[in-house]
Every structure is written in C-alpha cells, then in structure tokens.
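Have a look at the model first, then read on.

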Amino acid sequence: MTDRFQRIRDRYLSGEIPWDHPEPPPEIIALSRELPPGRAIDLGCGLGRACIWLARTGWQVDGIDFIPEAIAMAAERVAAARVTDRVRLFVADVTKLDFLTGPYDLAIDVGCGHGFAEPELNAYLDEVHRLLRPDGLFVLFAHLRNSDQTETLKTSIEQSTLMQALRQRFTVEQFVPGETVVMGNRGPSAWIYLRRM
C-alpha cells in the first residue's frame with residue numbers, strides 16, 4: 001500500500017498524470033445516458049472527472065481517493081463545474097469505507113482495484129458489495145495479465161484472481177476485453193459489468 005501510495009502521489013505532485021482527461025471514458029458517458037439518475041460512488045475518483053460528469057446528468061455522487069492532492073484538485077474542479085451540491089469527496093482507503101452507508105445504485109472503478117494484492121482486493125470488493133443495493137450495477141475497468149504473461153503495464157491484476165473474487169460477490173453481465181496504452185506501454189484490459197447478488 002505504501003509504495004503504491006507514494007508512486008501515485010508523486011504523479012500528482014509532478015503533474016505527470018496520464019489519466020487526467022477532461023471527460024470520463026466513453027463507457028461512463030454511455031452509462032450516464034442509459035441509466036436513470038440515482039446515487040453513485042466513484043472508487044479511486046482521482047481528479048473527479050466521472051463525478052462531475054455524472055453530477056451534471058442528475059446523479060448524486062460520492063468520490064473516494066486515497067491521495068489527498070487528488071481530492072484537493074477534484075474539489076476545485078467540482079466547484080468550478082458548479083456541482084458541489086451533487087458531489088461529496090473523501091480522502092479514504094477504498095478497502096475501509098465503514099464511514100459510508102448505502103445503498104448506492106451504481107459503483108464505478110476506472111483503474112483502482114487492479115492495483116491490489118489479493119487480501120486488499122477481497123476487502124475492497126466486500127465494501128463495494130456492502131454499499132451497493134441488491135441488483136445495483138458495478139462497472140469496473142482493469143488492466144489485466146495472465147499467469148504466463150510478462151506484465152507490460154506498470155499496474156495490472158491477474159485476470160483469474162480478479163474474476164474469481166468478482167464471481168463470489170457479483171453476477172458478471174458483460175466482459176469487454178480490450179488493450180490499453182499508458183505512457184508507451186501496452187497491455188490487455190477489460191471493462192467488466194457486474195450486478196450485486
């Protein structure tokens with residue numbers, strides 16, 4: 001946890017933030033158009049781009065990130081977007097969210113959970129499961145690797161480990177494989193759509 005925290009924090013302090021885009025990924029934009037507004041949680045919200053987008057389309061959104069500088073920057077952007085009445089931001093570890101109560105209709109993770117070792121992953125997914133309402137939607141984007149594959153992206157999770165942990169708590173509705181390029185490094189990834197059991 002400490003090494004990952006420092007590595008990510010250093011990105012924010014240096015301004016070298018490859019995930020800093022004005023809009024969230026097209027998959028999140030599509031969700032905002034397909035689903036009726038409700039209550040959402042953005043896990044590993046970073047600079048708040050998904051929080052702001054969802055808030056503008058009528059959602060109440062809680063954004064969580066463990067990097068204080070990310071939340072400070074996100075708060076500035078939320079204020080500039082004039083959606084402070086619809087977005088709450090918290091500096092917190094997503095494996096320990098006991099200060100939050102559900103139910104949430106939607107949980108999104110755009111590149112947070114793929115950085116966890118198995119014990120952290122299980123604690124994290126237990127929290128997501130606790131907070132989502134029955135039949136709530138969990139949308140997860142992750143960098144993946146297979147056990148026989150050399151890791152090509154700086155951060156990734158073994159696909160079989162992730163899928164086993166997810167299937168213990170959620171129903172997999174859709175698995176959309178892809179490939180991601182981050183700062184010149186290329187590797188497999190996927191968008192995974194899940195329902196809370």
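## The D62–R88 pair

D62 and R88 make a salt bridge, with 2.7 Å between their closest N and O atoms. (For a salt bridge, a side-chain nitrogen of Lys or Arg has to sit within 4 Å of a carboxyl oxygen of Asp or Glu.) D62 belongs to strand β2 (residues 60–65) and R88 to strand β3 (residues 87–91), so this bridge ties together parts that are 26 residues apart in sequence. Helices and strands here are DSSP runs, H or I of at least four residues for helices and E of at least two for strands, numbered from the N terminus.

How buried or exposed are the two partners? D62 counts as buried at 4% relative accessibility, while R88, at 42%, counts as partly exposed. The cut-offs are under 20% relative accessible area for buried, over 50% for exposed and in between for partly exposed, with a 1.4 Å probe and protein chains only.

## A note on the model

This is a predicted model, where local features need pLDDT of at least 70 and side-chain atom pairs count only at pLDDT 80 or more, while totals for chains, interfaces and linings use all residues. Residues are numbered from 1 along each chain as its sequence is written, and side-chain values use heavy atoms, leaving out hydrogens and water.

## Other salt bridges

The structure has seven salt bridges. One of them joins R130 to E127, with the closest N and O atoms 2.8 Å apart. Both residues are in helix α5 (residues 118–131), three residues apart, or about one turn of the helix. An α-helix has 3.6 residues a turn, so residues three or four places apart point the same way. R130 is partly exposed at 38%, whereas E127 is buried at 10%.

Then there's E179 with R186, where the closest N and O atoms are 3.0 Å apart. E179 counts as exposed, with 53% relative accessibility, and R186 is partly exposed at 48%.

## The buried side of α6

Which residues of helix α6 (residues 159–167) are buried? They are L162, M163, A165 and L166. These four cover an arc of only 165° around the axis, which puts them on the same side of α6; the arc is taken from the directions from the helix axis to the C-beta atoms.

As for what covers the buried residues of α6, the list includes α5, β5 (132–145), β6 (157–158), β7 (170–182) and β8 (185–196). Contact here means heavy atoms within 4.5 Å.
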